[in-house]
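Hello,

Here is the structure I promised to pass on to you. Have a look at it first, and then read on for what I found in it.

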Amino acid sequence: MAWISGVACTEFGRLPGLDAIGWQSRAARAAIADAGLEPAHVDGLLAGYATTLRHLMPADLLAEYLGLKPTVAFGVSAGGATGLSMVATAAALVDSGSAHTVLVVGGENRASGQTSDTSIETLAQVGHSRYEVPLGANVPAYYALLASHYLHSRGLDAASLSPLAVQMRRHAITTPGAHFTTPISESDVSSSPLIADPLRLLDCCPISDGGAAFVITDRPRGSGALRIAGVGQAHRHQHVSEADLENLGAASAAHDALSQCGWTIGELDTVGIYDSFTVTLAMLLEEIGICERGKAGADAAAGRFERTGTLPLNTHGGLLSYGHCGVAGGMAHLAEVSRQLRSSCGPRQISGPARRALVHADGGVMSAHASLAVERT
Amino acid sequence: VTDHHDANESADDWTKGVAAFVVVSCPRCRQRWYLPRSCCPACGYDKPQHRVAKPEGVVAAATVVHRAPAPFGDAPYTIVLVDLVDGIRVMGRSEPAIRPGEHVTANFTGDPLLPYFRLIEAATADVHNRERSQTP
């Protein structure tokens, strides 16, 4: 059995001063301390890629920097799903006895370490280098194509996604460390500048600096260990040109995670779902089965995802408003549900019970999917 | 129809400056695909066949890109995913105001050469639809 014993997520934002290793180190040290452990206890290290680092061996690099001497260490690269994939792999390592204490780290100075154009160009490479990228396609454009299909197939207009952006901002306003905390309305979203039609500026996550880390252990450590109750992954395509837009892999990954613990969607107390764009969140919520087809935006507008709602969602503010610094951005959802399950969110604590959570992330263009079911025992 | 025993290289198509989409198919399992591969992604057969695809189809998704990094400084421009009548989905540029479900046809233009879709007039599309339904 694998446990999330240490949890750390830094503030996100445009925060110059640290490089990628600096953010990773800060998050890693905090997660080790949170687990009540010392660096010497770490015998496994998984490190996510960083676009501002571009190193072949990110785990060995970080291990040396922190003075760790793990017996298993490697870098992981699965886009936005990297963080949850690493946690799933760490769980397998401790379950198999290959390691006892695995540190999982992501972080980079994505906002302040390079220009926005460099970030956009780097990220666009998840597209096909000959058949997509030369057409001027980039990540917002790939997701705009998904949004075009989503809205057309469900008979919705672009404004139907706006409540999701508003809800993420409402959560971020009261979350310490969030990138964006100025209140926004649905009309602010639907009148913000077009980035890739139908997606507008406020449908898109920002580019942030930050880091996050977890310590995954083979027995509960520290005072707030949470059980990893189920894991699931799916990898169906890389390029949007070959994606099955109605069966992306999210449902498969989430179903695998939930079936391992026998939970239903209705038994979840809170969820953390990847939200690089409003449409990302809508498509994942619907494919996983949290929302009915075409109803994600309406559910947000009705208050279902509030901290006092029937299913609090991304209560830190998600990628859309807490911010997105790459691998750590996709880890922040798990950090938040962990804190909710520990009942350590203070004024942000969800009003209902907090025992069971599901988190899900996608990487690329809905290409890599990873789900975790997490439980406070 | 040509055989490409070598490789993950595509046959000559727009990415190599030849004004065409190429559909790749597996003579063993009949799978069709677009992005080049040396082996069939369905059955693994390693002698796929290439032929020029008819550059017509139905729009699956469309976006107008308003914000693009420096190499694509000509924004706004429209990008579409089109389901070609030959059974593959391709990405291309298109005229503005294209919507999912509309019938389009492509020519190839510019340097570097890019596929550019435009709307088929409704009447013309009906003729094409009839022709298509008569094709086995």
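A word on burial before anything else: buried means under 20% relative accessible area, exposed means over 50%, and partly exposed is in between, with a 1.4 Å probe and protein chains only. Please keep in mind that this is a predicted model, in which local features need pLDDT of at least 70 and side-chain atom pairs count only at pLDDT 80 or more, while totals for chains, interfaces and linings use all residues; side-chain values use heavy atoms, with hydrogens and water left out. Residues are numbered from 1 along each chain as its sequence is written, and chains are lettered from A and ligands numbered from 1 in the order in which they are written.

Let me start with a loop residue in chain A. A:Ala354 has a relative accessible area of 5% and is therefore buried. It sits in the loop between α12 (327-341) and β10 (356-363) of chain A; helices (H or I, at least four residues) and strands (E, at least two) are DSSP runs, numbered from the N terminus. What is A:Ala354 in contact with, leaving aside its neighbours within four places in sequence? The partners are A:Asp269, A:Gln340, A:Leu341, A:Gln349 and A:Arg376, where contact means heavy atoms within 4.5 Å.

Now to the core. A nonpolar core here is a set of buried Ala, Val, Leu, Ile, Met, Phe, Trp, Tyr and Cys residues joined through side-chain atoms within 4.5 Å. In soluble globular proteins, nonpolar side chains tend to be buried together. The largest such core has 133 residues, and A:Ile216, A:Leu285, A:Leu334 and B:Phe21 have the most contacts inside it. Helix α5 (residues 139-154) of chain A gives this core its largest share, ten residues. Another core, of 20 residues, lies apart from it and includes A:Ile21, A:Ala27, A:Leu62 and A:Ala63. As for A:Ile216, not counting residues up to four places away in sequence, the residues it touches include A:Trp3, A:Val87, A:His100, A:Val104 and A:Ile228.

Helix α6 (residues 162-173) and helix α9 (residues 278-288), both of chain A, pack with their axes 8 Å apart and at an angle of about 100°; the axes are lines fitted to C-alpha atoms, for helices over the stretch in contact, and angles run from 0 to 180 degrees between N-to-C directions. That makes α6(A) and α9(A) roughly perpendicular to each other, since angles of 65 to 115 degrees count as such, under 35 as roughly parallel, over 145 as roughly antiparallel and the rest as oblique. On the α6(A) side the contact is made by A:Leu164, A:Ala165 and A:Met168, and on the α9(A) side by A:Thr278, A:Leu281, A:Ala282 and A:Leu285. Six of these residues are nonpolar, one is polar and none is charged (Ala, Val, Leu, Ile, Met, Phe, Trp, Tyr, Cys and Pro count as nonpolar, Asp, Glu, Lys and Arg as charged, and the others, Gly among them, as polar).

On to the two chains together. Between them, chain A and chain B bury about 2800 Å², 61% of it on carbon and sulfur atoms; buried area is the accessible area (1.4 Å probe) that two parts lose on being put together, summed over both. In chain A, the most area is lost to chain B by A:Arg130, A:Tyr131 and A:Leu135, together 28% of what that side buries. The contact takes in 31 residues of chain A and 36 residues of chain B.

Chain B itself has one helix and nine strands, and 43% of its 136 residues count as buried. B:Tyr34, in the loop between β3 (32-33) and β4 (49-53) of chain B, is buried at 4% relative accessibility. Its contacts beyond four places in sequence include A:Tyr131, A:Glu242, B:Trp14 and B:Phe21.

Finally, some backbone details:

- A cis peptide bond joins A:Asp197 and A:Pro198, with omega about 10°.
- Another cis peptide bond joins B:Asp111 and B:Pro112, with omega about 5°.
- A:Asn314, not a glycine, has a positive phi near 50°, and is buried with a relative accessible area of 1%.
- B:Ala97, also not a glycine, has a positive phi of about 65°, and counts as exposed at 67% relative accessibility.

Best wishes
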